[in-house]
Amino acid sequence: MFTALASFLSAARRRPRLAPWLFATQLLLAGAAVAATPEPAPAGAALPAALVADKHVDAGDLRIGYAELGPSRGEVVILLHGWPYGIDSYAEVAPRLAARGYRVIVPHLRGYGSTRFLSPDTPRNGEPAALASDVVALMDALKIRRATLAGYDWGARTADIVAAVWPERVKALVSVSGYLISSQEAGRKPLPPQAELQWWYQYYFATERGQAGYAQYTHDFAKQIWRLASPQWKFDDATFERSAVALDNPDHVAVVVHNYRWRLGLAEGEPKYAALEQRLAEAPAIAVPTITIEGDANGAPHPKPEAYAGKFIGKYEHRTFGGGVGHNPPQEAPGEFVQAVIDATRL
């Protein structure tokens, strides 16, 4: 089933007339014209130096692995990656920020890279409240009172939650695809068929076959998502494989599957996060200074910028990255992403 579905989606990507939801519809919804396809990197072009998560700290339920760059007394920026990516999304962003004097922390989320659960008995929970609580626990463990948070995909949702619930801990926010806080109740509401089709992997993960398929074909699955989510990004195999190593974490499949099943109300969360999830179900506004970002060629499900602008009630700016940028702006447009983080810290 997975092979057939992946083949269909790959074919649809090559022939957009069969699947316009992957192309023109999303770009029109984002309010941007389709840009020309960026030129691929020259053959043999050197990759930027990899980020190395050579530090660990016990924080909450986890021993979090993270990379740290820049001066120890610099203003703190925490960069949060998404699924199915890893900290290497920030391989160009982190050193540029460090060179500007920021102390940059790039952690592996739970279920990725060198981050591990401290106890084998802890549920491999992927609900959004758990990931946000991990960031606060990390800040506490590192004695970071306040930081600028920036992220995309799962990382953006996590940063949004921390900014909404713990605004005193967040100096500024950079969030790709804007306001991503949701709830199980919202997840139960059906979408129009065209929108539901974009969430095909969520329904795949809802089945035992899907969990087994993701476990067996994790890297192949991730590469398919990369291509669909960033249809104009011409990444090479070396770029993908270096990032995909983060998916080899022993808890990765369980955390990912739980995340998407939880969204549909098919898996329970942990009781200790119930009060936080109730608060998030009210869709709290975000008051910290914020810059939201959208790529003009984001092929992943995402809301329109005008749909969420009102959720940011402090100093606020939206930027659309042109030139065929997809779902992973820090890796696809690192210079623009760096500037957005710097500008957010100055709002």
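1. Let me start inside the protein: the largest cavity holds about 60 Å³ of space. A cavity here is a set of points on a 1 Å grid over the protein atoms alone where a 1.4 Å probe fits but cannot get out. Grid points are joined across faces, edges and corners, and a volume is the space filled by probe spheres set on the points. Searching the whole structure turns up three cavities of 30 Å³ or more.

2. A word on the basis of these notes. This is a predicted model, in which local features need pLDDT of at least 70 and side-chain atom pairs count only at pLDDT 80 or more, while totals for chains, interfaces and linings use all residues. Residues are numbered from 1 along each chain as its sequence is written, and side-chain values use heavy atoms, with hydrogens and water left out.

3. Back to the largest cavity. Its lining (residues with an atom within 4 Å of a point) is made of Leu62, Ile64, Pro107, His108, Leu109, Arg110, Thr115, Asp134, Val135 and Leu138. Strand 2 (62–69) and helix 4 are the elements that give two or more residues to this lining, and helix 4 has the largest share, with three. By type, the lining has six nonpolar, two polar and two charged residues. In this count Ala, Val, Leu, Ile, Met, Phe, Trp, Tyr, Cys and Pro are nonpolar, Asp, Glu, Lys and Arg are charged, and the others, Gly among them, are polar.

4. The second largest cavity has a volume of about 40 Å³. Around this space sit Gly126, Pro128, Leu131, Trp154, Arg157, Thr158 and Asn259. Helix 4 and helix 5 (154–165) each give two or more residues to the lining, with helix 5 giving the most, three. Three of the lining residues are nonpolar, three polar and one charged.

5. Now the overall build. The protein has 16 helices and nine strands; these are DSSP runs numbered from the N terminus, helices being H or I with at least four residues and strands E with at least two. Of its 347 residues, 58% count as buried, where buried means under 20% relative accessible area, exposed over 50% and partly exposed in between (1.4 Å probe, protein chains only). Among contacts (heavy atoms within 4.5 Å) between residues at least 6 apart in sequence, 79% join residues at least 24 apart.

6. What holds the middle of the picture is the largest nonpolar core, with 99 residues. Such a core is a set of buried Ala, Val, Leu, Ile, Met, Phe, Trp, Tyr and Cys residues joined through side-chain atoms within 4.5 Å. Leu79, Trp83, Leu97, Phe205 and Phe337 touch the most other members. Helix 4 (residues 128–141) gives the most to this core, nine residues. Beyond its neighbours within four places in sequence, Phe205 is in contact with Trp83, Gly210, Tyr214, Phe221, Val256, Val257, Tyr260 and Arg261.

7. Finally, some backbone details to look at. The peptide bond from Trp83 to Pro84 is cis, with omega near -5°, and Pro84 lies in the loop between strand 3 (76–80) and helix 3 (93–99). Lys143, though not a glycine, has a positive phi of about 55°; Lys143 sits in the loop between helix 4 and strand 6 (147–151) and is exposed, at 75% relative accessible area. Asp153, also not a glycine, has a positive phi of about 55°. Asp153 lies in the loop between strand 6 and helix 5 and counts as buried, at 13% relative accessibility.

Technical notes
On a 1 Å grid over the protein atoms alone, a cavity is a set of points where a 1.4 Å probe fits but cannot get out, and a pocket is an open set with protein on both sides within 12 Å along at least five of seven lines; lining residues have an atom within 4 Å of a point.
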